[in-house]
Amino acid sequence: MWLPEGPKKAEVKKGEMEEAGPKQTVPSEEVAQRKGYSLQAETPALHIPRRSFGKLLKPLVFTVGFTGCSFGAAAIWQYESLKSRVQSYFDEVRTDWLEKLRPQKQGDIRKQVNQWWNSLSEGQRTVTGIIGLNVLVFCCWRIPSLQRAMITYFTSNPASKALCFPMILSTFSHYSLFHMAANMYVLWSFSSSIVSLLGPEQFMAVYLSAGVISTFVSYLAKTATGRLGPSLGASGAIMTVLAAVCTKMPEAKLAIIFLPMFTFTAGSALKAIVAMDTAGLFLGWKFFDHAAHLGGALFGIWYVSYGHELIWKNREPLVKFWHDLRTKGPGGGGGGTGSF
């Protein structure tokens, strides 16, 4: 498993977007006007008080509500998956029998795609949709007419009028190709480990919740320091994935993709990343959103240490309620035991 030098959530100053790797900037307004589009979106408002924590009440409620809904939906998803597994088994048996009776087509593209899909691990199949959504949003950044909406809703900024939806939408947003490629590579590399640890349903709940929680921590840090500005990127959620795997498998050997000869343990990598982001937060480094990184890492450590027991293992009442609702009658029935 290869580990690049940590995922990075870009922190953006007014008029520019700083990305992982070489510094990338959103075109200035003068350049934008020459290219035929405007960036008059909700950039940091300088008149906002240095510490207006009251404005963060709505994002806090959104964070709690979104996290609860994510885990509730994941529990119901797992129930439905287990319920349909037997039917899927019989469908696959029937399909295999029909395939033997049909003449085989040479160069069947759909069959080749199915073979490729089946060759992927469960974790890789789970994150394919996430990667595809990130690519789609990346392409939307290239459409001039969408620039205003992209900056407003796909960057998270405590000085913006739009506070809640950008908390999740910015998790799928990257402006530079290198930033997106680095984040998606780390997600792909850790996908098999994290999904085998949590299962696909619980992983999706953790990933989506991590995106919102890390953004809220970023809001807190920016409001406390007065350094307001938009951020974007999946790094907060990916830091949760990385921290969860490194916490559960601290002795696993990792390496940097460009320096495969140097290996180190997952536990050491996690300590180094947390230390770097802590230093960046308190020293005021502005190139990355260190608060979002740190918030994501701490959430990942907490979840695999305590959160799983407190949240996922107590989903049975919700699953039983859903079962009774689906069957329209009394009777128990859970969603089965989770994988962890």
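Begin with the crossing of H8 and H9, which is right-handed, a crossing being called right-handed if the near helix is turned clockwise from the far one by less than a right angle, and left-handed if anticlockwise. The model is a predicted one, in which local features need pLDDT of at least 70 and side-chain atom pairs count only at pLDDT 80 or more, while totals for chains, interfaces and linings use all residues. Residues are numbered from 1 along each chain as its sequence is written, and side-chain values use heavy atoms, with hydrogens and water left out.

To see this crossing, select residues 200-225 for helix H8 and residues 235-248 for helix H9, whose axes come within 7 Å and cross at roughly 130°. Helices here are DSSP runs (H or I, at least four residues), numbered from the N terminus, and their axes are lines fitted to C-alpha atoms over the stretch in contact, with angles running from 0 to 180 degrees between N-to-C directions. H8 and H9 are therefore oblique to each other, given that angles under 35 degrees count as roughly parallel, over 145 as roughly antiparallel, 65 to 115 as roughly perpendicular and the rest as oblique.

Next, show the side chains of Phe203, Val206, Tyr207, Ala210, Gly211 and Ser214 in H8, which meet Gly236, Ala237, Ile238, Thr240 and Val241 in H9, where contact means heavy atoms within 4.5 Å.

Rings of Phe, Tyr and Trp (its six-membered ring) pair if their centres lie within 6.5 Å, and planes under 30 degrees apart count as stacked, over 60 as edge-to-face and the rest as tilted. By this rule the count comes to nine aromatic pairs.

For one of these, go to Trp141 and Tyr175, an edge-to-face pair with 5.4 Å centre to centre and 85° between the planes. Trp141 lies in the loop between helix H4 (122-140) and helix H5 (147-153), and Tyr175 in the loop between helix H6 (165-169) and helix H7 (177-198), so that the pair links distant parts of the chain, 34 residues apart.

Trp141, at 2% relative accessibility, counts as buried, and Tyr175, at 11%, counts as buried too, where buried means under 20% relative accessible area, exposed over 50% and partly exposed in between (1.4 Å probe, protein chains only).

Key:
Helix = DSSP H or I, 4+ residues; strand = E, 2+ residues; numbered from the N terminus.
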